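Let's look at some strands together, one question at a time. Have the picture open as you read.

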Amino acid sequence: MTGPALQPPAAEADAGRAREWWRGAAIYQIYPRSFADSNGDGIGDLAGITAHLDHVASLGVDAIWLSPFFTSPMKDFGYDVADYRDVDPIFGTLDDFDALIARAHALGLRVIIDQVYSHTSDEHRWFATSRSDRTNPKQDWYVWADARPDGSPPNNWQSVFGGPAWTWDARRGQYYMHNFLSAQPQLNVHSRAVQDALLDVARFWLDRGVDGFRIDAINFAMGDPELRDNPPAPATNGVRTRPFDFQLHVNNQSHPDIPLFLERIRALTDSYDGRFTVAEVGGADAETEMKQFTQGAHRLNSAYGFNFLYAAALTPALVREAVEQWPDRPGMGWPSWAFENHDAPRALSRWSAPEHREDFARMKMLLLACLRGNIFLYQGEELGLTQVDIPFERLRDPEAIANWPLTLSRDGARTPMPWLEHAPQLGFSTAEPWLPLGPDHAALAVDRQEADAGSTLALTRRLLATRAASEALLVGDITILAATEALLVFERASPRQRLLCVFNFTDRSLEWRPEQADRWRVIEQVGLADQWRFGPYAAVVAEQIA
């Protein structure tokens, strides 16, 4: 089942050919549990998403990315997949998914879905077969190993969520590996049969009309087949909340054969028209892996890193370091950027003091719109939502529960979308939501901001329209001109357009003026007191006119 064909944007790349729709795209992430509830059970669902796609389309984004909605026991809220080819009943049915695809395509939105290829749920039928004995057809589909002579796990690997990365299974008389929860056994993606099965899953969704995949934790897909120990990490003055943090992860992940599997994924998606693939890559060596995973024309289209997602502060130096990792040169991949997602605390709560939050939100949104690469917005980011403080008794995040109180809960960024300021549950549901609503989110609700031409929502629409109309912002080069403690200045340039982007990262006013200032025409600004005099968290984009 495929939706109607979508026409590519008119903007052209520097080479003069039509730009791929995803190059420079703005993509809106939807966390299905928390977007909109259509049936009154307190949990968001696919029909709720479909009913609110007009709001998403009104932002001017090119695509949506759906976090997992597949059949799952929800130990890790969908990232523990029990059936890759079906919709979990709490989210609806395959018919609901088809209706979502059809509505999105009718609105001009592409649909990207998560694919979780490094592990499954322990309730997946593949794992049920694999654990049954050591001679079954899927006996090597997961990472199994004998105990050491003293009965302890095969090596020292630790799981991300805490404790050893190994769990004993009496049926096989072996340990199975899990990089995350014990309920998420590690697939043996070294196996050609496993790769074939995963590609069949991808084909199932491509045939159903999806426009691409965000591939979860792909650098965890393969580890060392010899199961050698990880070396200890160097000492640090920081607080280590997990045993995982005490090791260098050179053997339990990031095997050099991963890019070869990605080439198989790319070959499949290229056999369909206009499909897009983006890798999620975290860890200490993420930049190297992101470049490996996107190198040339035969691996993934883009990679999605964590440069900003866990950063304690947004600084000019951080932006410079991130963007200069991705120069525009032959063979270099195309980056993707996000300031927020379902795994990271809301950016405004991390990066700005409450008294400056509104001004900072505007500067942050303009900066995101000006970056070279694809940009991801997380649901509610267009409203300026803040992180919610979830009390321990309401936590659902397994990592936060295990490491309380030192690990900041992911739940605080997963709270329900506020649709209606004065409605019960802010219009998200008619029942009590699965997570509490943010106490300050009613004032940020969609309907309230719709009525305010000066709202963060209105600004987001304006800035995304500016980006979509600009060849330089979509596909142009980026050159950092200054990155001081207070000021970030860079150019975006294409053959037909040159833009100057200037950002004040402080809560005080400052002045900065380009040479031959009369040759620049301001086309976008936030918080600017005068043309080249910048108020707190003010920013400007100017176009060269001569």
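The questions below concern strands in this predicted model.

Q: How many of the 7 residues of strand β5 are buried?
A: Strand β5 covers residues 110-116. A residue is buried if its relative accessible area is under 20%. Arg110, Ile112, Asp114 and Val116 on one side of β5 are buried, and so are Val111, Ile113 and Gln115 on the other. The number of buried residues in β5 is 7 of 7.

Q: Why do the residues of a regular strand fall on two sides?
A: In β5, Arg110 and Ile112 are among the residues on one side, while Val111 and Ile113 are among those on the other. That is because, in a regular strand, side chains alternate between the two faces of the sheet.

Q: Which residue in β5 is the bridge partner of alanine 63?
A: Strand β2, residues 63-66, pairs with β5 in the parallel sense. This pairing has 4 bridges. In β5, the partner of alanine 63 is arginine 110.

Q: Which residue in β9 stands opposite isoleucine 113?
A: Strand β9 spans residues 212-216 and runs parallel to β5. The two are joined by 5 bridges. Opposite isoleucine 113 in this pairing stands phenylalanine 213.

Q: Which are the edge strands of the open sheet of 3 strands?
A: The order in this sheet is β6-β8-β7, with antiparallel pairing. An edge strand here pairs on one side only. The edge strands are β6 (144-145) and β7 (166-169).

Q: Which residue in β8 stands opposite tryptophan 168?
A: β7 pairs with strand β8, residues 174-177, in the antiparallel sense. Their pairing has 4 bridges. Opposite tryptophan 168, the residue in β8 is tyrosine 175.

Technical notes: Residues numbered from 1 in each chain as written. Predicted model: local features only at pLDDT ≥ 70, side-chain atom pairs only at ≥ 80, totals over all residues. Heavy atoms only, no water. Buried < 20%, exposed > 50% of the residue type's maximum accessible area, 1.4 Å probe, protein only. Pairing = 2+ DSSP bridges.
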